[in-house]
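Dear colleague,

I am handing over the structure below for your records. My findings follow directly after it.

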Amino acid sequence: KPEEYASGHMANSIIIDFNASSFKEEVNRLNKEPTYLVYCRTGNRSASASKVMLEIGFKDVYNMTGGITDWQAAGYQSVK
């Protein structure tokens, strides 16, 4: 969600809203070859997004279990 991204995200990340009707179209514009780490606030939506990405041909996709919430709780940096 855009408001979650604005409250703190990993540096050099991009936002594509899984709940947007354009999700598949937007994600399909990305290069399918690199490795992707997909995350959301707690890891639920990103698990679904990762599954969709693999289904449409992405080669190497990982869901960040626990999301940015666990990332920040572990002391890792995020940016606003």
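The largest pocket has a volume of about 590 Å³. For this search, made on a 1 Å grid over the protein atoms alone, a pocket is an open set of points where a 1.4 Å probe fits, with protein on both sides within 12 Å along at least five of seven lines; a lining residue has an atom within 4 Å of a point. The points are joined across faces, edges and corners, and the volume is the space filled by probe spheres set on them. There are 28 lining residues, of which Ile 14, Ile 15, Ile 16, Val 38 and Tyr 39 are the closest to the centre of the pocket. By class, the lining comprises 18 nonpolar, 5 polar and 5 charged residues. Here Ala, Val, Leu, Ile, Met, Phe, Trp, Tyr, Cys and Pro count as nonpolar, Asp, Glu, Lys and Arg as charged, and the others, Gly among them, as polar. At least two lining residues come from each of α1 (2–7), α2, β1 and α3, and α3 gives the largest share, with 4 residues. Helices (H or I, at least four residues) and strands (E, at least two) are DSSP runs, numbered from the N terminus.

Please note that this is a predicted model, in which local features need pLDDT of at least 70 and side-chain atom pairs count only at pLDDT 80 or more, while totals for chains, interfaces and linings use all residues. Residues are numbered from 1 along each chain as its sequence is written, and side-chain values use heavy atoms, with hydrogens and water left out.

I turn next to the nonpolar core. A nonpolar core is a set of buried Ala, Val, Leu, Ile, Met, Phe, Trp, Tyr and Cys residues joined through side-chain atoms within 4.5 Å. Buried means under 20% relative accessible area, exposed over 50%, and partly exposed in between (1.4 Å probe, protein chains only). The largest such core has 9 residues, namely Phe 23, Val 27, Tyr 36, Val 38, Ala 49, Val 52, Met 53, Phe 58 and Val 61. The elements α2 (23–28), β1 and α3 each supply at least two residues of this core, and its largest share, 3 residues, comes from α3. Leaving aside residues up to four places away in sequence, Met 53 touches Val 27, Tyr 36, Val 38, Phe 58 and Val 61, where contact means heavy atoms within 4.5 Å.

A pair of aromatic rings is described by the distance of the centres and the angle of the planes. Rings of Phe, Tyr and Trp (its six-membered ring) pair if their centres lie within 6.5 Å; planes under 30 degrees apart count as stacked, over 60 as edge-to-face and the rest as tilted. A search of the whole structure gives 3 aromatic pairs. In one of them, the ring centres of Phe 18 and Phe 23 lie 5.0 Å apart with the planes at 75 degrees, so the pair is edge-to-face. Phe 18 is partly exposed, at a relative accessible area of 28%, whereas Phe 23 is buried at 5%. The rings of Tyr 36 and Phe 58 also form an edge-to-face pair, because their centres are 5.4 Å apart and their planes stand at 80 degrees. Tyr 36 lies in strand β1 (residues 35–38) and Phe 58 in the loop between α3 (44–55) and β2 (60–63), so this pair ties together parts that are 22 residues apart in sequence. Both Tyr 36 and Phe 58 are buried.

Several individual residues complete the account. Asn 12 has a positive phi of about 65 degrees although it is not a glycine. Most residues other than glycine have a negative phi. Asn 12 is placed in the loop between α1 and α2 and is exposed, at 83% relative accessibility.

Arg 45, in helix α3, is buried with a relative accessible area of 19%. Not counting residues up to four places away in sequence, Arg 45 touches Lys 1, Glu 4, Phe 18, Asn 19 and Cys 40.

Glu 33, in the loop between α2 and β1, is exposed at 54% relative accessibility. Glu 33 and Phe 58 are 25 residues apart in sequence, and their C-alpha atoms are 6.4 Å apart in space. Glu 55 lies in helix α3 and is exposed, with a relative accessible area of 56%; from C-alpha to C-alpha, Glu 55 and Val 27 are 12 Å apart.

With kind regards
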